[in-house]
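Please open the model in a viewer and keep the selection panel at hand. The stops below are given in the order in which they may be selected.

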Amino acid sequence: MLAFFEHRRSPPVLNQIRPGMGASCSAVRRLEERCEELGIKMTDLRRILLHGLLEAGPQTTAVEIWKTLDRMMAYGHAPSQGSIQRNLNLFVDRGILRRDVTADRQWHYSIAPERRATLAMTFVDAGTGQKIACNAPEIVTLLRRVAAEHGLAVQTAAITVAPSAGQELDAC
C-alpha cells in the first residue's frame with residue numbers, strides 16, 4: 001500500500017466559501033494590504049484563513065478557526081490544521097496577529113492593532129555630522145518591506161551621505 005495518496009488535495013479557493021459565510025470583504029482587504037506591506041505573499045489559502053479568522057472572532061484557537069473554515073466551505077475541504085498553524089505563526093511573526101497564551105497553555109489569536117508609529121529616518125552628513133530628517137514615505141515603505149523579508153522590523157534608520165560636488169544637503 002502506498003504511503004501517500006495518489007492525488008494531492010487541491011488548495012481551497014475563495015469561490016468555495018458558502019454565500020454569506022465569509023467575513024466582510026473590506027475587512028479582509030485591509031488585512032491583505034497589511035500583509036502585502038509587510039512582505040507576505042497573499043495566496044488563496046491565506047485569503048481563506050483571513051476570512052476564517054474574522055468569522056471566528058477574537059481570542060479564537062487554531063482548532064476553532066479550522067472548524068469555522070470547515071463550516072464555511074460549501075464544497076471542497078478546509079485547509080489542514082498544519083497549514084493553518086504554519087500561516088498563523090507567520091502572521092504572528094509579522095505582527096498581523098497577536099497570540100495570547102492562557103493558563104492551560106492554549107494559544108488564542110486576535111487581529112493585532114496596526115502599528116502606525118512613524119519611522120524616524122535620518123540622513124547624516126559624513127563630513128559635518130549634521131543630521132537631516134527625511135520624511136519620504138516611499139523610502140520608509142521600501143525599508144519596512146526589505147526588513148520584513150528578512151524577518152526584521154525597522155525601528156529607526158540613519159543613512160550616512162556626502163554632498164555631491166558643489167551641492168548643499170537639503171531635507172527631504
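Begin with strand β3 (residues 120–125), which pairs with β5 in the parallel sense over six bridges; strands are DSSP runs of E of at least two residues, helices are runs of H or I of at least four, both numbered from the N terminus, and two strands pair if DSSP finds at least two bridges between them. Within this pairing, select Thr 122, whose bridge partner in β5 is Ala 158. The model is predicted, so local features need pLDDT of at least 70 and side-chain atom pairs count only at pLDDT 80 or more, whereas totals for chains, interfaces and linings use all residues. Residues are numbered from 1 along each chain as its sequence is written, and side-chain values use heavy atoms, with hydrogens and water left out.

Arg 98 has Ser 110 of β2 as its bridge partner. Five residues lie between the strands of this hairpin, where Arg 105 takes a positive phi near 65°. Select also Arg 99, whose charged end sits over the ring of Trp 107, 4.3 Å from its centre (NZ of Lys or CZ of Arg within 6 Å of the ring centre and within 35 degrees of the ring normal).

Finally, select helix α2 (residues 44–56) and helix α4 (residues 81–93), whose axes come within 11 Å and cross at roughly 80° (axes are lines fitted to C-alpha atoms, for helices over the stretch in contact, with angles from 0 to 180 degrees between N-to-C directions). The two helices α2 and α4 are therefore roughly perpendicular (65 to 115 degrees). Residues in contact (heavy atoms within 4.5 Å) include Leu 49 of α2 and Phe 91 of α4.

Conventions. Parallel < 35°, antiparallel > 145°, perpendicular 65-115°, else oblique.
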